[in-house]
Amino acid sequence: MTAIQTIAARASTLSAAGYFDHDSDEVVPSPCVSVCRMSADGSLCEGCFRTIDEIRHWSVADDATRRAIWVRLLGRASAPVPESLHTTEQP
């Protein structure tokens, strides 16, 4: 499975479980897929497509910011964005 397929599958699974719903009591899960390796130019993680700043900020980010990061990283990966994330505001 490619990194794009892996992150797309994770997003789909989390969306189906309701983790991206705005009224969910669950914390928006990390996109980490345990492939923690930065690209050659240092711009993105090759596993989750987050920038180093997004990775650093994740632990203190609120759910709206986490959903926005998910939208951005899926866009970088050219992966489908689940419907539950389509209404996410960009902080």
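## A salt bridge to start with

Glutamate 54 and arginine 72 form a salt bridge, with their closest N and O atoms 3.0 Å apart. A salt bridge here is a side-chain nitrogen of Lys or Arg within 4 Å of a carboxyl oxygen of Asp or Glu. This pair links distant parts of the chain: glutamate 54 sits in helix α2 (residues 52–57), arginine 72 sits in helix α3, and the two are 18 residues apart. Helices and strands are DSSP runs numbered from the N terminus, with helices being H or I of at least four residues and strands being E of at least two.

Before going on, a word on what you're looking at: this is a predicted model, where local features need pLDDT of at least 70 and side-chain atom pairs count only at pLDDT 80 or more, while totals for chains, interfaces and linings use all residues. Residues are numbered from 1 along each chain as its sequence is written, and side-chain values use heavy atoms, with hydrogens and water left out.

Put together, Glu54, Arg72 and Arg76 are linked in a network of salt bridges.

How exposed are the members of this network? Glutamate 54 is buried, at 7% relative accessible area, whereas arginine 72 is partly exposed at 29% and arginine 76 is partly exposed at 32%. For these words, buried means under 20% relative accessible area, exposed means over 50%, and partly exposed is in between (1.4 Å probe, protein chains only).

The count of salt bridges comes to four. One of them joins the side chains of glutamate 46 and arginine 37, at 2.6 Å from N to O. Glutamate 46 counts as partly exposed, at 31% relative accessibility, and so does arginine 37, at 48%.

## Two helices side by side

Now for helix α3 and its packing against α1. Helix α1 (residues 3–16) and helix α3 (residues 63–76) pack at an angle of about 145 degrees, with their axes 10 Å apart. Those axes are lines fitted to C-alpha atoms, for helices over the stretch in contact, and angles run from 0 to 180 degrees between N-to-C directions.

Which residues meet here? Ile7, Arg10, Ala11 and Leu14 in α1 meet Trp70, Leu73 and Leu74 in α3, where contact means heavy atoms within 4.5 Å. The residues of this contact divide into six nonpolar, no polar and one charged. In this scheme, Ala, Val, Leu, Ile, Met, Phe, Trp, Tyr, Cys and Pro count as nonpolar, Asp, Glu, Lys and Arg as charged, and the others, Gly among them, as polar.

Arginine 67 is also found in helix α3. Is arginine 67 buried or exposed? At 7% relative accessibility, arginine 67 counts as buried. Arginine 67 and tyrosine 19 are 48 residues apart in sequence and 9.6 Å apart in space, C-alpha to C-alpha.

## Cysteines without a bond

How many disulfides are there? The count comes to zero, a disulfide being a pair of cysteine sulfur atoms within 2.5 Å. For cysteine 32, the nearest cysteine sulfur belongs to cysteine 36 and is 4.0 Å away. Cysteine 32 counts as partly exposed, at 31% relative accessibility.

Cysteine 45 is buried, with a relative accessible area of 6%. Its closest cysteine sulfur is in cysteine 48, and at 3.8 Å the two sulfurs are too far apart for a bond.
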